[in-house]
There are 2 protein chains.
Amino acid sequence: MFELLFQKFDEKIELSQGEKLLSKSFFIPKKIRKKQYLLQEGDVSKYTAFVEKGFLRCYTIDDKGTEHILQFAFEGWWIADQYSFLTNTPSRYNIDALEDCELLLLTKESEEQMLEKIPKLERYFRLLLQNSLIATIRRLESSLSDTAEEKYNRLLTNCPTIAERVPQHMIASAMGITPETLSRIRKQISLRK
Amino acid sequence: MFELLFQKFDEKIELSQGEKLLSKSFFIPKKIRKKQYLLQEGDVSKYTAFVEKGFLRCYTIDDKGTEHILQFAFEGWWIADQYSFLTNTPSRYNIDALEDCELLLLTKESEEQMLEKIPKLERYFRLLLQNSLIATIRRLESSLSDTAEEKYNRLLTNCPTIAERVPQHMIASAMGITPETLSRIRKQISLRK
DNA sequence: CGGAATGATTGACATATGTCAATGCCATTT
DNA sequence: AAATGGCATTGACATATGTCAATCATTCCG
């Protein structure tokens with residue numbers, strides 16, 4: 001159950017076998033079924049989750065009942081409402097599973113304890129944050145300047161498997177456009193080929 | 001020259017007088033004039049900058065020569081191309097001063113050394129990153145779901161002084177819309193009052 | 001002083017995207 | 001096999017935003 005997590009650790013830092021073993025004790029393994037919530041709007045986020053298997057989405061629901069997907073999290077990714085997790089305030093987001101998932105949960109307390117016991121992980125989490133920030137800035141940039149078609153191509157480049165795993169209307173939602181518009185964009189692209 | 005920086009430290013962590021004094025030695029104070037570059041596209045970013053005074057912008061220039069402003073950085077903010085800084089690769093961004101500025105620069109080496117000598121700062125920089133990420137996610141969310149008018153109101157709420165300090169066409173650029181559209185939106189708002 | 005540059009506004013029109021309703025497709029359930 | 005629900009597509013039309021050109025005010029500078 002920890003294979004992928006350790007693989008991710010190895011990509012950025014060097015942990016001894018003992019440290020890996022120790023780190024295990026701070027995580028809470030949890031399986032959740034498709035459509036189950038990991039976090040609901042109004043709840044305080046207690047966990048940061050590492051996705052060993054499956055994938056989830058994070059989204060809001062507006063006054064009209066429309067879902068706005070902010071991000072997906074596939075195997076090997078982390079997902080959480082950082083703000084709610086950090087400030088202990090009720091979350092504005094929903095996080096639920098789009099497939100059956102295997103997760104590794106970390107509370108704030110266990111995260112802090114783990115970083116104290118295994119200081120090398122400080123670096124891992126810092127790099128993680130930096131990379132998330134960089135990726136989010138890029139998305140913002142694209143969202144501000146690109147046409148919908150450019151955004152779609154960028155999405156496919158960054159995450160090639162997404163089209164097979166996620167219904168099109170959810171991709172549209174994550175792009176901030178309507179399903180109809182995405183459908184038309186795809187048609188135009190295919191006509192040009 | 002370090003007043004504002006220390007004030008920011010105090011908001012998040014507790015440093016002794018000695019630690020503050022020590023931290024000074026890692027920064028390079030630098031004044032730059034309005035219109036001067038801190039970073040140019042193609043250069044490798046060597047510094048993270050804390051803004052003691054003045055303000056700057058970070059932007060790209062597209063094929064047509066249009067500027068796309070990604071962010072402003074006022075007094076008390078940090079600014080850098082995290083990606084270039086982190087990976088030592090040429091930057092895609094330009095950063096220049098919109099007013100005469102007083103900056104405190106940090107190289108990667110001095111940042112690392114400083115964190116080693118003053119471990120409490122680890123927490124400060126981690127919180128800084130988390131807050132940047134949260135703020136960027138909110139902006140992305142707004143960019144994906146809100147109308148231009150909502151985005152404008154949100155910007156004014158988050159940064160009330162911006163309208164007095166930044167020309168309108170730059171605000172429009174940071175919102176990802178044209179100056180003409182922003183002008184019309186402002187007119188509509190004023191007509192409704 | 002007067003001309004040049006910069007920035008904001010406005011109008012006319014083009015294009016991109018949203019909205020709503022209808023249809024068709026496919027997989028699942030009954 | 002028939003019925004259902006979820007999803008994608010399409011058409012007609014509405015709205016938001018972009019583009020281009022003209023004008024005006026303000027500031028900058030010789």
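Which element gives the most to the lining of the largest cavity? In this predicted model, that element is H5(B), with 3 residues.

## Basis of the description

The model is predicted, and local features need pLDDT of at least 70, side-chain atom pairs count only at pLDDT 80 or more, while totals for chains, interfaces and linings use all residues. Residues are numbered from 1 along each chain as its sequence is written, chains are lettered from A and ligands numbered from 1 in the order in which they are written, and side-chain values use heavy atoms, with hydrogens and water left out.

## The cavities

A search of the whole structure turns up 2 cavities of 30 Å³ or more. On a 1 Å grid over the protein atoms alone, a cavity is a set of points where a 1.4 Å probe fits but cannot get out, and lining residues have an atom within 4 Å of a point; grid points are joined across faces, edges and corners, and a volume is the space filled by probe spheres set on the points. The largest cavity holds about 120 Å³ of space, and its lining includes Cys58(A), Tyr83(A) and Tyr93(A) from chain A as well as Ile134(B), Ile137(B) and Arg138(B) from chain B. Strand E5 (67–73) and helix H3 (82–87) of chain A, together with helix H5 (120–145) of chain B, each supply at least two residues of that lining, where helices (H or I, at least four residues) and strands (E, at least two) are DSSP runs numbered from the N terminus. By class the lining has 7 nonpolar, 2 polar and 2 charged residues, with Ala, Val, Leu, Ile, Met, Phe, Trp, Tyr, Cys and Pro counted as nonpolar, Asp, Glu, Lys and Arg as charged, and the others, Gly among them, as polar.

The second largest cavity holds about 30 Å³ of space, and among the residues lining it are His68(A), Gly176(A), Glu141(B) and Ser145(B). E5 of chain A and H5 of chain B are the elements that give two or more residues to this lining, which divides into 3 nonpolar, 4 polar and 1 charged.

## The contact between the chains

Chain A and chain B each bring 30 residues to their contact, contact meaning heavy atoms within 4.5 Å. The area buried between them is about 3,300 Å², of which carbon and sulfur atoms give 65%; buried area is the accessible area (1.4 Å probe) that two parts lose on being put together, summed over both.

Between the two chains there are 6 salt bridges, a salt bridge being a side-chain nitrogen of Lys or Arg within 4 Å of a carboxyl oxygen of Asp or Glu. Glu141(A) forms a salt bridge with Arg92(B), with the closest N and O atoms 2.7 Å apart. On the side of chain A that touches chain B, H5(A) gives the most, with 17 residues, and the residues of that side divide into 13 nonpolar, 10 polar and 7 charged.

## A salt bridge within chain A

Over all chains the count comes to 24 salt bridges. In one of chain A, the side chains of Glu11(A) and Lys8(A) meet at 3.9 Å, N to O; because these residues are 3 apart in helix H1 (residues 3–12) of chain A, about one helical turn separates them.

Methods
1 Å grid on protein atoms, 1.4 Å probe; cavity = no way out; pocket = protein on both sides within 12 Å on 5 of 7 lines; lining within 4 Å.
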